[in-house]
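Dear colleague,

I am passing on the structure we spoke about, and below it you will find my notes on what was found. Please read them with the model open beside you.

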Amino acid sequence: MINLTDYFARIGYAGTTTVNKETLFAIHCAHAFSIPFENLAIFDSNSDRDYPIRLDEHSLCNKLIYQRRGGYCFESSSLLILVLEQLGFTVVRLAGRVQQMLDHCLALVIVAGEKYIIDVGFGGNGLIEPLPLMLNVEVKQFSESFKLIVVDDDYILQVLINGNWSKLYSFRLTPYLAIDYEPLNYYISRFHPVLTHNRICTLPTPEGRIILHNDELKIRAGGQTPRKTISNNEYPQVLKDYF
């Protein structure tokens with residue numbers, strides 16, 4: 001069992017645990033603003049390990065809660081899923097495609113007869129709040145806007161960037177078990193063309209996002225994105241200050 005007191009302290013949540021829409025939105029938002037997307041453990045790993053990222057409850061809690069680290073989608077969203085299940089929410093694990101392969105973790109939550117997509121582990125312009133499973137409806141979430149469309153049998157999550165709708169990823173409502181994520185996670189941690197070649201940390205803010213991509217720090221706010229090149233000596237302090 002996850003120690004919910006410690007988890008709530010980690011994300012700065014002091015609300016109720018009642019199974020309703022308000023609790024779902026509040027926890028999702030607090031998690032998104034507190035636990036960054038980061039793939040640094042891939043580069044910290046030793047080649048003789050089976051794989052560097054583990055998805056069991058103990059490992060997720062140790063890394064994301066007690067070590068105050070972040071994680072990529074299969075870590076961060078998996079932790080949120082476990083928390084919501086423990087609270088009594090109905091959660092259906094899903095998988096999405098950012099590239100051509102299945103390489104993304106998200107979930108469907110059903111509460112009071114309504115369906116929402118939850119996702120706290122997308123490294124770019126990802127969701128901050130749950131997104132209603134409704135088509136062609138623009139949903140504003142702080143400084144960003146999202147909508148879902150359907151192409152053939154695929155749901156497509158889009159984000160509005162500079163007046164144009166851009167695809168983030170596609171998914172279907174095929175349910176997965178937690179164990180199904182293991183081979184996908186193995187691929188992500190060893191062979192993903194983006195995550196195994198770039199050190200990435202991102203964290204949304206109410207005004208925009210903080211993005212550290214290799215040695216470039218970008219702080220997006222108010223329509224502006226100043227950039228700064230980070231030296232190797234500065235890198236640990238930047239992680240501490242921003243993430």
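I begin with the second largest pocket, to whose lining strand β8 gives the most, with three residues. This is a predicted model, in which local features need pLDDT of at least 70 and side-chain atom pairs count only at pLDDT 80 or more, while totals for chains, interfaces and linings use all residues. Residues are numbered from 1 along each chain as its sequence is written, and side-chain values use heavy atoms, with hydrogens and water left out.

**Pockets and cavity**

The terms come first: on a 1 Å grid over the protein atoms alone, a pocket is an open set of points with protein on both sides within 12 Å along at least five of seven lines, a cavity is a set of points where a 1.4 Å probe fits but cannot get out, and lining residues have an atom within 4 Å of a point. Grid points are joined across faces, edges and corners, and a volume is the space filled by probe spheres set on the points. Helices (H or I, at least four residues) and strands (E, at least two) are DSSP runs, numbered from the N terminus.

The second largest pocket holds about 350 Å³ of space, and among its 17 lining residues N125, S143, L160, N162 and R220 lie nearest the centre. Two or more lining residues come from each of β7 (144-151), β8 (154-161) and β12. By class this lining divides into four nonpolar, nine polar and four charged residues, where Ala, Val, Leu, Ile, Met, Phe, Trp, Tyr, Cys and Pro count as nonpolar, Asp, Glu, Lys and Arg as charged, and the others, Gly among them, as polar.

The largest pocket has a volume of about 450 Å³, and of the 24 residues that line it, F122, G123, G124, V194 and I200 are the closest to its centre. At least two lining residues are supplied by each of β9 (164-171), β10 (200-205), β11 (208-213) and β12 (216-221), and the lining as a whole has 11 nonpolar, nine polar and four charged residues.

A search of the whole structure finds one cavity of 30 Å³ or more, and the largest cavity has a volume of about 80 Å³. Its lining comprises 14 residues, with A32, V120, F122, P204 and R209 nearest the centre; β10 gives the most, with three residues, and the classes are nine nonpolar, three polar and two charged.

**Nonpolar cores**

A nonpolar core is a set of buried Ala, Val, Leu, Ile, Met, Phe, Trp, Tyr and Cys residues joined through side-chain atoms within 4.5 Å, and buried means under 20% relative accessible area, exposed over 50%, and partly exposed in between (1.4 Å probe, protein chains only). The largest core has 48 residues, and those with the most contacts inside it are I2, Y7, F74 and L79. Helix α5 (residues 73-87) provides the largest share of this core, nine residues. Leaving aside neighbours within four places in sequence, Y7 is in contact (heavy atoms within 4.5 Å) with I2, I27, H31, I65, L79, L80 and V83. A second, separate core of 17 residues includes L94, I117, L131 and F146.

**Strands and sheets**

Two strands pair if DSSP finds at least two bridges between them. Strand β2 (residues 90-97) pairs with strand β3 (residues 104-111) in the antiparallel sense over seven bridges, and a hairpin of six residues joins the two. Strand β2 also runs antiparallel to β9, with two bridges. G96 has bridge partners in both neighbours, namely H104 in β3 and F171 in β9.

In β9, S170 is buried, with a relative accessible area of 7%; not counting residues up to four places away in sequence, S170 touches G96, R97, D154, Y155 and I156.

An open sheet of five strands has the order β1-β10-β11-β12-β13, with antiparallel pairing. Because β1 (37-38) and β13 (227-229) stand at its edges, each with a single partner strand, one side of each is left without a neighbour in the sheet. Within this sheet, β11 and β12 pair over six bridges, and H213 stands opposite E216 in β12.

**Backbone points to check**

Most residues other than glycine have a negative phi. R68, in the loop between α4 (57-66) and α5, has a positive phi of about 55°. N214, in the loop between β11 and β12, has a positive phi near 55°, and N214 is partly exposed, with a relative accessible area of 27%.

With best regards
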